[in-house]
Every structure is written in structure tokens, then in C-alpha cells.
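Reader: I have the sequence and the model open side by side, and I would like to go through the fold with you. Could you take my questions as they come?

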Amino acid sequence: MKAITIPKPGGPEALVLSDVDAPEPGAGEVRVKVAAAGVNRADTLQRQGFYDPPPGQTDIPGLEVSGVVDAVGDGVTEWVVGDEVCALLVGGGYAEQVTVPAGQVLPVPKGIDLVDAAALPEVACTVWSNVFLTANLQPGETFLVHGGSSGIGTMAIQLAREVGARVAVTAGSQEKLDRCRELGAEILVNYREQDFVEELAKATDGHGADVILDNMGAKYLPRNVQALATAGRLVVIGMQGGVKGELDLGTLLRKRGAVIATSLRARPVAEKATIVAAVREHVWPLVTDGRVRPVIASRHPLADASAAHAEMEASTHIGKILLVP
Ligand SMILES: NC(=O)c1ccc[n+]([C@@H]2O[C@H](COP(=O)([O-])OP(=O)(O)OC[C@H]3O[C@@H](n4cnc5c(N)ncnc54)[C@H](OP(=O)(O)O)[C@@H]3O)[C@@H](O)[C@H]2O)c1
């Protein structure tokens, strides 16, 4: 089959379309004939040599796909050949076929195009696990998501709005903030011109954010702690602003706040299956009802994966970038 490999880490041109053996599903796995793969920020780190796959896993990049089940391994009862699905992967999505544990597979939600469904698994699982299972966002609370126009941000805004939270975002342009408003964000901060701590304080009468979903890491750590409300929860999922920051424990202690950092890819298969089941129960009905939609910036042929990565790194996109074999 055709797949993208990374013979040598580097810039977008390091992604090479290659011929490789198609994977065979093991016990408890299905194989998916890929209709589309979602591009994630983590893939750009893997390409540069900064984010190796977990030991023993494929080094083909790609953390999510949609497609059609074309083979099932021993012991799989819930999926059959021909099912239209999307799936959360540990890797291997930038390919014509990929294998995945059956518990990480979801049906394509009614009303969603098979290709577009590739935009859902990673963002739905990341947002649901962090914002709801871990940080327990409640109706009426204020929720701040940094990078509101990112793949993650566009899903986080919609889900937080649906539970009745008040949503604040940061983004780097007015066009991106306008799109975040359309998706349901009320408090809009242009991080290039404004300070999010001040803007959030103004908009919430000094209350701050009950939950923050952060992609910046070190660079925003002090200001995120400042921006937290009493009993606030800061969940760090990205380190685009560095890994080592200073944590003001005095402020955190006075606020009785929590700082949590998580990674989805490294979780054991059983934990991923639990998250996927929760997404199917809580997020899929909202997608099927048309209340939550995948936000898709662009679709590129798999052979042009380099262009997809260049687009992500230029940050001209709003929502998800897809690769179509
Ligand atoms: N831990 C996990 O399990 C997990 C899972 C999935 C994703 N993630 C992380 O979640 C983040 C988003 O992922 P993605 O795939 O959705 O990536 P993406 O679409 O490329 O989004 C990256 C975002 O970063 C924003 N950004 C850059 N500088 C910023 C700043 N100073 N302040 C606020 N925002 C800034 C960009 O906004 P502008 O264009 O407006 O600058 C862009 O929206 C990444 O850091 C990724 O690694 C983590």
C-alpha cells in the first residue's frame, strides 16, 4: 500500500510517499481502508523527530482516520467488513490501510460525510477526556480555550457551549476570533494585542476561568494560574510555548486550584476505549443532531502531506486539515 514515511526528520519535505506492506489485523483489531486521515499538531513534531511513537508501534504518522472496515481480527464482534467508521489511532493513519484496536473505533455519525468524519476522533476524544472527564466543566462555568480556531479549539468551543458553559478564546487574528464567535465563544481575546488575564477579568467581573484548556505550556503557565477562578482547573495539553515554566504555588494554593497535564496517545488501549465509549455516548448524539459539526479547513491528497504540514505550521487554517489517499 501507499503510506507516508519519514526516512529522516526535518521540514515538511521530510514526508515521503512510499510503498510499504499493508498491516494485518491482530486479535481484537480491525483494519480500515482509509477514506481520510486527520492532521494533528503532534504529527508535525513527529516529523521533526521530537515525538517518537510509543515503543513497538508503527512509525507511520497519523492519529485518526475515517474509512471502511476491510478486515477483522480474531475476537472482534462489534464491527464487520463494510462498516463505515472513524478511529482514534496510536499512529499509522497517513496510509491507505491501518489497523486499530476495536475499542478505538466509532461509527461515522449520521449526516457526516465519510471523509469529513476523519476530523472528529482526535479532537472529540481529547476535548471530552480533558475538559469533561478530567476538569469536570459544569453548566454556568467560564471556560477558556487557547488557540480557539485550532482543530482542538473548534471542538472545545462547541462542546463547552452545548453543556451551557460561557466560552472564552484566544486567537491570533480577528478573522479567527469571528469564526470562534460563530461557533459559540463569547469572550474573544486577540493574544497578539491583548492580555488574556485582563480581558477575562473584565468580562467576568474578576471571577476568571473555572477551566482552562491550554496548548502553550510554559509560556502561559504564570498567566494561566493568574486567570484561574477559585477552585479552577488548568489542563495543559500542548507545549507550543515550551516545557519548563515557573508555577506560583502561593497563588495556586490561595485559589485552591489544580494544574493537570495529559497526553492521549500514550494512554493504554483500555483507557482509550473508555474515552472512545464516553465520546460515543456524550458527543456523538450532538454530532448526529447537527449541534456539533467538524470544522474543516482543507483537504489535501495523501501524496501532498508536505503541503498539509506546511499549512498547519503557517497557522493559516481554521479547524482541521485532512489528507485523502
Ligand atoms: N495532550 C494531548 O493529548 C493532545 C491531543 C491533541 C492535541 N494536543 C495539542 O493541542 C494543541 C492544538 O492541536 P491541533 O492539532 O488542534 O493544532 P492546530 O490546529 O495547529 O492549532 C495550534 C493553535 O495554536 C495557536 N497558537 C499559536 N500561538 C499561540 C499563542 N501565543 N496563544 C494562543 N494560541 C496560540 C494557533 O492559533 P493562531 O493561528 O491564532 O496563532 C493555533 O490555533 C497542540 O498544542 C497539540 O499538541 C494535545
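Reader: Which residue in strand 4 stands opposite Ala37?

Author: Ala37 stands opposite Val65 in strand 4. This is a predicted model, in which local features need pLDDT of at least 70 and side-chain atom pairs count only at pLDDT 80 or more, while totals for chains, interfaces and linings use all residues. Residues are numbered from 1 along each chain as its sequence is written, and side-chain values use heavy atoms, with hydrogens and water left out.

Reader: How many bridges join strand 3 to strand 4, and in which sense do they run?

Author: Strand 3 (residues 29–39) and strand 4 (residues 64–72) run antiparallel and are joined by 7 bridges. Strands here are DSSP runs of E with at least two residues, helices are runs of H or I with at least four, and both are numbered from the N terminus; two strands pair if DSSP finds at least two bridges between them.

Reader: What about strand 6 and strand 15, how does strand 3 pair with those?

Author: With strand 6 (residues 97–101), strand 3 runs antiparallel over 5 bridges, and Arg31 stands opposite Thr99 there. Strand 15 (residues 320–324) also pairs with strand 3 in the antiparallel sense, over 3 bridges, and Leu322 of strand 15 is the bridge partner of Gly38.

Reader: Is strand 3 mostly covered or mostly open?

Author: Strand 3 is mostly covered, with 9 of its 11 residues buried; buried means under 20% relative accessible area, exposed means over 50%, and partly exposed lies in between, using a 1.4 Å probe and protein chains only.

Reader: Changing topic, what is the order of strands in the parallel sheet?

Author: That open sheet has 6 strands in the order 10-9-8-11-12-13, with parallel pairing. Strand 10 (187–190) and strand 13 (258–261) are at the edges with a single partner strand each, so one side of each has no neighbour in the sheet. From one strand to the next the twist averages 15°. Within the sheet, strand 11 (residues 209–214) and strand 12 (residues 228–236) pair over 5 bridges, and the bridge partner of Asp214 in strand 12 is Val236.

Reader: Which strands does helix 3 lie across, and which does helix 5?

Author: Helix 3 (residues 151–162) lies across strand 8 (142–145), strand 9 (166–171) and strand 11, at about 170° to strand 8. Helix 5 (residues 196–203) lies across strand 8, strand 9, strand 10 and strand 11, at about 160° to strand 10. Those angles run from 0 to 180 degrees between N-to-C directions, with axes as lines fitted to C-alpha atoms, for helices over the stretch in contact.

Reader: And how is the chain divided into domains?

Author: There are two stretches to keep in mind, domain 1 (2–120 + 265–324) and domain 2 (124–261), with bounds that come from an automatic or database domain assignment. Their centres, taken over C-alpha atoms, are separated by 26 Å, and 21 residues of domain 1 are in contact (heavy atoms within 4.5 Å) with 19 residues of domain 2.

Reader: Which residues touch the most other members of the largest nonpolar core?

Author: Phe143, Leu159, Val279 and Trp284 do, in a core of 46 residues; such a core is a set of buried Ala, Val, Leu, Ile, Met, Phe, Trp, Tyr and Cys residues joined through side-chain atoms within 4.5 Å. Helix 2 (residues 121–134) gives the most to this core, with 7 residues. Domain 1 and domain 2 both give residues to this core, so it lies between them. Leaving out residues up to four places away in sequence, Leu159 touches Val127, Trp128, Phe132, Val283, Leu286 and Val292. A second, separate core has 31 residues, including Val30, Val34, Ala95 and Met312.
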